[in-house]
Amino acid sequence: MSAPGKDLKNEFIAAIKGSVSRNFKESDVAEEEILLSLSIPKPDNGDISSSISFRIAKAAKKNPKEIAEKLAAGAKGARFITRIEALNGYVNAFVDEREYAKHVLESIEGGKGEYARSDMGRGAKVIVESPSVNPNKPWHIGHLRNALLGDAISNMMEACSFKVEREDYIDDLGMQVAESFWGYMNLGSKPDKKFDTWLGEQYVEVNKRLKEKGVEQQVKSLLEKMEEGSSKESNEARRLSEECVKAQYQTASGYSVYHDVLVWESDIVRAKLLDKAFSILLENGIVKKETSGEYKDCIIVDLERIRQMAKDFESPSEDVKVLIRSNGTATYVAKDIAFHMWKFGMLSDTFNYGIFIGKQQNGKPLYTTAQSGERMDFANVKKAVNVIDNRQRYPQLILKSMFMLMGRKDIAEQIMHLSYGKVDVEGGTLSGREGGWMGSGRSYTADSLLEETERKVLEIVKSSEKISDKENAKAIARSVAIGAIKFEFLKIAPEKNITFSWARALNFEGNTGPYCMYTYARATKILRNQEIRKSLKDYNGMTRKHDFGLVKLLGNAPEVTEKACSEYRTNVITDYLIELCTAFSRFYETMPVLKGGSARELRLMIVDSTAEVLNEMLTVLGIATVSSM
RNA sequence: GGGCAUGUGGCGUAACUUGGAUAGCGCACCUGGCUUCGGACCAGGGGGUUGCGGGUUCAAAUCCCGUCAUGCCCGCCA
């Protein structure tokens with residue numbers, strides 16, 4: 001895989017390294033150190049820059065400016081770098097724009113739709129868990145953030161050569177489902193709308209009645225029956241949950257979010273995952289069963305041992321964590337421990353699988369754990385990414401630490417909690433229980449967000465004079481709306497809380513998905529009916545004006561994907577896209593392509609390459625491009 | 001009480017992991033640009049003591065200490 005930006009860096013590093021060893025024999029700087037010293041200077045100062053002289057100056061107790069001058073004088077470029085200068089202590093390199101442009105454009109051309117990728121993951125199998133919404137209500141915009149993050153992270157990891165399994169954990173044995181189930185049986189309402197929305201409304205209604213006499217007790221006993229597995233109630237509850245998940249997956253499908261497998265809590269219970277896991281843990285003394293005292297009959301883990309294992313482990317007020325309660329039921333963390341032992345292949349063959357959705361719109365089926373069905377080859381991974389909000393930091397930390405206690409540091413290090421901030425709405429929260437997602441006017445479900453956005457986009461599409469493609473207006477509006485929403489969530493760093501605003505969501509100007517999509521549409525419009533010279537020989541039309549700035553950015557795409565992936569930060573890609581689109585727009589305004597004279601072929605090639613990179617990067621975010629909008 | 005996250009022009013944000021040249025971008029505001037490849041655009045302008053106080057350093061939004069504010073977590077609940 002070709003990464004021109006990296007090639008350029010390496011050439012510069014080699015040039016500096018060579019100069020250091022010739023001029024400053026006593027100060028041996030590592031290539032890694034030079035790499036960290038690199039930055040992009042203002043265009044006037046050069047194309048790539050290093051601040052390494054400051055470091056050398058410190059060790060040698062000399063003036064950094066002099067060091068830089070000596071370094072620059074003694075450094076020689078090879079293929080791309082023509083000139084190396086010192087300025088204010090920095091060492092700046094200037095690149096031969098024709099030679100480098102040739103390398104970048106040929107790399108993109110040769111990449112055949114896989115240019116902006118990396119082989120970082122080396123085919124390692126990873127399981128990404130998201131969004132794990134309780135199966136008793138519709139996705140609201142908070143769940144949507146999770147789903148979009150999970151989807152984009154999965155795409156990013158795939159682009160970096162990981163083998164990704166997209167898994168969704170369905171807790172159909174929770175209090176929430178029990179409450180909705182109770183409502184279903186006792187409130188006398190019949191489904192008159194999308195099932196998940198209706199069920200969510202039952203849930204809100206039940207929650208209001210929980211204070212009435214006996215209701216809470218009834219719900220609890222209902223949950224107990226559900227957990228028995230073979231009862232009439234458990235079958236009925238599972239059926240209800242499945243219907244709800246089917247509805248939720250209509251939402252997912254609307255956003256082009258897909259999964260490979262659903263894992264149901266009731267199937268985990270049925271497969272006796274807990275028993276298998278805890279017999280191993282008890283055998284090895286990782287956890288112990290208390291026979292007396294405060295925690296009599298509980299299975300606990302000593303938190304002091306965890307504290308010693310994990311330095312950043314916060315000190316909880318208690319000294320032990322109960323994993324299995326005295327009545328034999330498991331806590332959330334206990335379930336997660338067993339589940340992760342399964343993910344990493346530590347438990348023998350367990351689940352049966354069936355098909356939940358025969359064919360998703362990506363062409364693949366969605367499998368599900370099931371009471372009876374086939375054995376399949378899920379899990380057994382090298383890495384697990386859990387997209388879970390930041391409130392679960394503590395239990396996730398215990399989870400990791402448990403593997404440390406098992407002597408499986410290798411696994412502990414490969415459990416990544418992708419912790420993200422919560423989504424609020426102006427003047428309120430999105431509580432599922434209290435119905436905050438229902439809103440007062442427009443609701444905050446993922447469905448209505450898409451609907452509203454699509455409506456607004458459609459208005460714009462219809463009033464646009466430039467679009468000839470009016471028959472496809474609806475399809476275009478749908479794509480643009482999805483792009484707008486996804487970009488809006490993914491451009492915010494995951495750890496930040498978001499306060500949702502309709503005004504921002506329905507703005508399509510500036511740093512937005514539609515801007516990027518629009519840029520792509522303009523690029524492809526130029527290319528329409530044009531022949532792109534695949535093996536362009538003449539790079540003489542290359543200038544240092546707005547064309548080279550654009551080409552340099554194009555050269556960085558593979559590194560951007562890699563950085564985004566290794567940091568689990570989707571905003572690395574959105575930032576790059578904005579930068580790229582801005583550079584292209586500038587190029588578009590100032591450098592005529594079709595009337596470009598002798599530079600025409602070259603500029604066509606630049607436009608073609610930009611469209612290619614835009615398409616690849618947007619695809620990684622889960623955003624499909626349109627050629628007219 | 002302990003811990004975690006966040007704090008950057010009126011609003012929303014990037015850069016913080018790995019210190020580097022004048023803190024980047026968008027919205028809103030002001031000025032200009034469509035007979036020329038699509039104005040969901042471009043060019044220009046005003047607006048910032050990066051919460052506050054110390055420290056380290058040639059160099060701090062970035063690292064360290066303290067402090068304030070906001071949100072969250074610390075149940076045999078789920």
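This is a predicted model: local features need pLDDT of at least 70, side-chain atom pairs count only at pLDDT 80 or more; totals for chains, interfaces and linings use all residues.
In the hairpin formed by β3 and β4, two residues lie between the strands, and N88 takes a positive phi near 55°. Strand β3 covers residues 81-87 and strand β4 covers residues 90-95; the two pair in the antiparallel sense over six bridges. One of these bridges links A86 to V91 in β4.

Chain A as a whole contains 24 helices and 16 strands. Its C-alpha trace spans about 80 × 65 × 45 Å along the principal axes. Of the 629 residues, 47% are buried. Among contacts with a separation of 6 or more, 74% are between residues 24 or more positions apart. The domain assignment gives domain 1 (4-95), domain 2 (272-350) and domain 3 (446-620). The centres of domain 1 and domain 2, taken over C-alpha atoms, are separated by 53 Å.

Strand β9 (residues 299-302) runs antiparallel to β8 and is joined to β8 by two bridges. In one of them, K288 has I300 of β9 as its bridge partner. In general, the strands of a sheet pair through backbone hydrogen bonds, in either a parallel or an antiparallel manner.

Helix α17 (residues 446-463) consists of 18 residues and reaches 26 Å from its first C-alpha to its last, close to the 26 Å expected at 1.5 Å a residue. Its buried residues are A446, D447, L449, T453, E454, V457 and V461. These residues are on the same side of α17, because they cover an arc of only 150° around the axis. The face turned away from this buried side carries the exposed residues R455, E459, K462 and S463. The cover over the buried residues of α17 includes α6 (141-159), α10 (232-254), α18 (473-490) and α19 (502-505).

Residue G622 is found in the segment after α24 (600-620). With 23 other C-beta atoms within 10 Å, where 20 or more are required, G622 counts as buried. Apart from neighbours within four places in sequence, G622 is in contact with L148, D151, A152, N155, S256, V257 and K486. The C-alpha atoms of G622 and A152 are separated by 6.1 Å, although the two residues are 470 residues apart along the chain.

Several loops have backbone features of note. The peptide bond from S130 to P131 is cis, with omega near -10°, and P131 is placed in the loop between β5 (125-129) and α6. In the loop between α6 and β6 (163-170) lies S161, a residue other than glycine with a positive phi, near 70°. S161 has 16 other C-beta atoms within 10 Å and is therefore partly exposed. K272, in the loop between α11 (265-270) and α12 (273-283), is also a residue other than glycine with a positive phi, here near 55°. With 13 C-beta neighbours inside 10 Å, K272 counts as partly exposed.

Methods. Residues are numbered from 1 along each chain as its sequence is written. Chains are lettered from A and ligands numbered from 1 in the order in which they are written. Two strands pair if DSSP finds at least two bridges between them. Helices (H or I, at least four residues) and strands (E, at least two) are DSSP runs, numbered from the N terminus. The expected span of a helix is 1.5 Å times one less than its number of residues. A residue is buried if 20 or more other C-beta atoms lie within 10 Å of its own, exposed if 12 or fewer, and partly exposed in between; C-beta atoms are placed from the backbone. The arc is that of the directions from the helix axis to the C-beta atoms. Two residues are in contact if their C-beta atoms, placed from the backbone, lie within 7 Å. Domain bounds come from an automatic or database domain assignment.
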